[in-house]
Amino acid sequence: MRWTLGGLEEELLRTLIASLAEVLAGVDPRDAAVQRLFPRTVSDDDEADAELRGLIHEDLAGVKRAGLDALTELLDGGSRRGTSLRIDLDEDETLLVLGVLNDLRLAIGARVGIEDLDRADVDPESQLGYRLAVMDHLGLWQELLLAIVDPPAVHVHDLDLPDEPDAPGDA
């Protein structure tokens, strides 16, 4: 499958990848993104939770870092067409991209407090509005990729697909 990104989309994705890599490198347990990406493993026992996290955290963080690195390699290996970047993905690469996009959305959502947010009260021109728009755009990419990998999972007729097959962000 071919994934086409416009120049601004590519720049945004590279920036988000770098930001998430910093989050994974620092691992501040008070960071909302870290808490969301590495949720509690044992809900009612802090000691058991800390012990289990200590055993599995580095492996999980390593998998997430490897995904970021692999997506960066895919971006670096894409072909240019004007200001657009075309990336040909096989099924495994598509699943990898879906996983990284999910982590990016989870991190953004946690940082903006998405669970307690009333979108109707958000000024679309604000920094918060921008972050929500980025989250939504990542979600659209996920839906488009998922529609190709698992068509029954997504009702394509519900998506607002671009008219041109080579439009930025098409999948």
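I take a pocket to be an open set of points on a 1 Å grid over the protein atoms alone, with protein on both sides within 12 Å along at least five of seven lines, where lining residues have an atom within 4 Å of a point. A volume is the space filled by probe spheres set on the points, which are joined across faces, edges and corners.

I note that this is a predicted model, in which local features need pLDDT of at least 70, side-chain atom pairs count only at pLDDT 80 or more, and totals for chains, interfaces and linings use all residues. Residues are numbered from 1 along each chain as its sequence is written, and side-chain values use heavy atoms, without hydrogens and water.

**Second largest pocket.** I read a volume of about 190 Å³. Among its lining residues I listed Arg 36, Arg 105 and Asp 116. Helix α4 provides the largest share of this lining, 4 residues. The lining divides into 4 nonpolar, 3 polar and 4 charged residues (Ala, Val, Leu, Ile, Met, Phe, Trp, Tyr, Cys and Pro count as nonpolar, Asp, Glu, Lys and Arg as charged, the others, Gly among them, as polar).

**Largest pocket.** I read a volume of about 370 Å³ and 16 lining residues, with Leu 16, Ser 19, Ile 108, Arg 111 and Arg 131 nearest the centre. Helix α1 gives the most to this lining, 7 residues.

**Ser 84.** I located Ser 84 in strand β3, residues 84-88 (strands are DSSP runs of E, at least two residues; helices are runs of H or I, at least four; both are numbered from the N terminus). Ser 84 is buried, at 14% relative accessible area (buried is under 20%, with a 1.4 Å probe and protein chains only).

How values were computed: Buried < 20%, exposed > 50% of the residue type's maximum accessible area, 1.4 Å probe, protein only. 1 Å grid on protein atoms, 1.4 Å probe; cavity = no way out; pocket = protein on both sides within 12 Å on 5 of 7 lines; lining within 4 Å.
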